Amino acid sequence: MEAVRMSKEGRVLIPAELRKALDLKPDEPLSMYVEDGELRIVARRQAIKAMQARVAPYKPKDGSSVVDGLIRERREEAARE
């Protein structure tokens with residue numbers, strides 16, 4: 001755990017050790033949120049990977065995408081009309 005201070009302007013410097021441990025690059029987009037009273041900072045690429053992992057169980061087993069399924073449903077509806 002690193003001790004840091006927040007400036008009067010609300011800025012916090014992420015220590016080099018932590019940036020290295022998280023493989024953060026200069027100017028990399030970050031996401032920040034509060035969870036259980038803690039400020040969490042996550043590289044946006046990591047947030048995207050986490051979201052992809054959360055929705056993976058809902059992906060069709062046949063390898064098609066959700067969009068493919070929606071298009072197929074719309075075509076079936078149109079054929080019935």
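## Basis of the values

Local features of this predicted model require pLDDT of at least 70, and side-chain atom pairs count only at pLDDT 80 or more, while totals for chains, interfaces and linings use all residues. Residues are numbered from 1 along each chain as its sequence is written, and side-chain values use heavy atoms, without hydrogens and water.

## The hairpin

Strand 1 (30-35) and strand 2 (38-43) pair in the antiparallel sense over six bridges. Strands are DSSP runs of E with at least two residues, helices are runs of H or I with at least four, and both are numbered from the N terminus; pairing requires at least two DSSP bridges between two strands.

Two residues lie between the strands of this hairpin, and Asp36 in the turn has a positive phi of about 50°. Ser31 has Val42 in strand 2 as its bridge partner.

## The nonpolar patch

Leu30, Met32, Val34, Leu39 and Ile41 form a nonpolar surface patch with about 480 Å² of accessible area together. Strand 1 and strand 2 each give two or more residues, and strand 1 supplies the largest share, three residues. Areas follow the Shrake-Rupley method with a 1.4 Å probe, and for residues only the protein chains shown count as cover.

Ile41, in strand 2, counts as partly exposed because its relative accessibility is 38%; buried means under 20%, exposed over 50%, and partly exposed in between.

## Arg80

Arg80 belongs to helix 3 (residues 66-80) and, at 62% relative accessibility, counts as exposed. Between Arg80 and Ala3 the C-alpha to C-alpha distance is 65 Å, with a sequence separation of 77 residues.

Terms used: Patches are made of residues with over 30% relative accessible area and no salt bridge: like charges are joined within 9 Å, nonpolar side chains (Val, Leu, Ile, Met, Phe, Trp, Tyr) within 5 Å. A salt bridge is a side-chain nitrogen of Lys or Arg within 4 Å of a carboxyl oxygen of Asp or Glu. Buried means under 20% relative accessible area, exposed over 50%, partly exposed in between (1.4 Å probe, protein chains only).
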